[in-house]
Amino acid sequence: LQSEGIESRPARIFRSATSALKTSLKAVFNNVLPQSISPASFSAQVYDSRVKTETDQLWSAQMRGKEAIIGIIDSGLDVLHPDFVDGQGNSRIADYLDFTGDGIEDDNGHGTHVAGIAGGNGKSSNGEFAGMAPESRFKIAKVFSKSGQSDESTILAAMKWMRTGEKVDVLNMSLGGPGIPNKDPLGAMANDLTLRDNILVVAAAGNEGPLAGSIGSPANARYVFAVGGGDKNGQPVFFSSRGPISDENGEVLYAKPDLVGISGGVLMPEPQSPDPGNQLAGSAGSEVQIGGLKSLPALPIQDSCVYAPGVVAARSSRDQDEFCTVKGNPQYRFFSGTSQATPMTAGFAANVIGYAKGKNHYATPFHVKAVLMETAVDLGHPQEMQGSGLLSGRRLASAVLDRVEKGLPLGNIAFSLARRLTSK
């Protein structure tokens with residue numbers, strides 16, 4: 001093909017954002033952060049992302065995702081998990097397509113967790129671990145195998161499928177890889193879905209921080225809603241990828257991420273004592289598989305989840321990682337990463353879109369993105385770290401209710417465009 005003057009290259013490998021975090025954390029534990037955090041027991045309430053983002057304020061305003069469809073391109077979904085069945089016993093899955101040939105089961109567990117954050121209804125926890133848009137429906141594309149990897153041609157096919165049949169309103173992509181902004185196939189397709197199909201594409205900024213300019217594709221595309229991660233206090237985490245976005249020549253194009261959701265953090269294990277009397281699951285310095293990571297010192301079994309400061313959501317029954325299961329309820333687990341912050345944002349967007357549909361109020365992806373950015377809480381960090389700030393359900397509900405009642409545009413697009421500007 002190249003000899004005939006036709007541009008050609010092998011299909012690139014893309015990974016789920018959490019899968020990338022597992023790899024990058026090896027370097028973090030070994031080289032980057034000398035300060036460690038003692039393992040501790042974590043209650044779900046302390047790390048409940050709904051509390052941090054004031055999601056209940058949206059629900060009080062009757063914004064629960066009804067009439068909205070969330071597309072999720074990931075590792076699939078546990079279709080038998082009770083959190084994806086409505087109050088009448090009907091499946092909330094509008095459509096499901098396996099692009100891997102491995103079957104519809106979510107052997108990886110990442111997709112089920114992401115979907116649970118976006119819109120699980122918390123049925124298996126009496127609502128305690130419900131997601132952001134508990135009355136939304138889902139369109140699921142399975143592109144990741146058990147290893148958490150896929151290639152761009154598979155992901156492109158899944159993206160195109162999202163515009164067919166019952167079109168999605170919001171597309172969640174908790175994944176990423178290398179690519180030139182807007183010219184990369186995934187980024188270009190994401191822009192096209194936004195412009196031609198009125199689909200809001202929400203993508204993970206990535207877990208390649210704290211280096212500047214580390215946001216990959218498709219989050220680096222112009223019209224994609226790029227989401228960074230915040231810890232349990234809502235402050236940007238060290239691993240969340242940073243802007244700005246530059247072209248292939250290094251020229252700065254615009255600022256990203258657009259805002260941050262709760263991604264949770266990771267536990268830094270204390271250096272192990274050689275004292276043979278210590279109460280460890282293994283010997284000091286031994287290798288042990290912890291939350292998918294290797295080469296970490298063994299920890300007490302009850303505190304062995306490296307994602308313990310993370311987000312609690314639905315767990316696939318095929319998920320082999322039992323370290324991070326919520327105690328007393330194996331239907332849920334902890335996970336951390338911008339993979340988790342992204343479906344929070346997608347769920348918030350679905351709440352707004354569903355409410356606007358119910359009120360016959362016109363809402364484009366640009367308006368929805370703008371109102372989420374306008375109402376985010378400024379955390380006082382550089383824009384390349386936090387974008388507009390942290391999601392705020394309280395402020396978002398107030399703005400949407402007021403504008404719909406007055407017949408005003410949902411979002412101030414000029415504001416969101418201004419947020420693209422950088423110090424350059």
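Two strands pair if DSSP finds at least two bridges between them; strands (E, at least two residues) and helices (H or I, at least four) are DSSP runs, numbered from the N terminus. In these terms, Ile13 stands opposite Asp151 in S5. The model is predicted: local features need pLDDT of at least 70, side-chain atom pairs count only at pLDDT 80 or more, and totals for chains, interfaces and linings use all residues. Residues are numbered from 1 along each chain as its sequence is written, and side-chain values use heavy atoms, with hydrogens and water left out.

**Sheet**

- Strands in the order S5-S1-S7 make up an open sheet of three strands with antiparallel pairing.
- Its edge strands, S5 (149–151) and S7 (175–176), each pair on one side only.
- S1 (residues 13–16) and S5 run antiparallel and are joined by three bridges.

**Disulfide**

- One disulfide (a pair of cysteine sulfur atoms within 2.5 Å) is found in a search of the whole structure.
- Cys305 is joined to Cys324 by a disulfide, with S to S 2.0 Å.
- Cys305 lies in the loop between S14 (293–296) and S15 (311–314) and Cys324 in the loop between S15 and S16 (332–335), so the pair ties together parts that are 19 residues apart in sequence.
- The link of Cys305 and Cys324 is right-handed, with 100° about the S-S bond.
- Both Cys305 and Cys324 are buried, where buried means under 20% relative accessible area, exposed over 50% and partly exposed in between (1.4 Å probe, protein chains only).

**Ile104**

- Ile104 is found in the loop between strand S3 (93–98) and helix H4 (110–119).
- Ile104 is partly exposed, with a relative accessible area of 38%.
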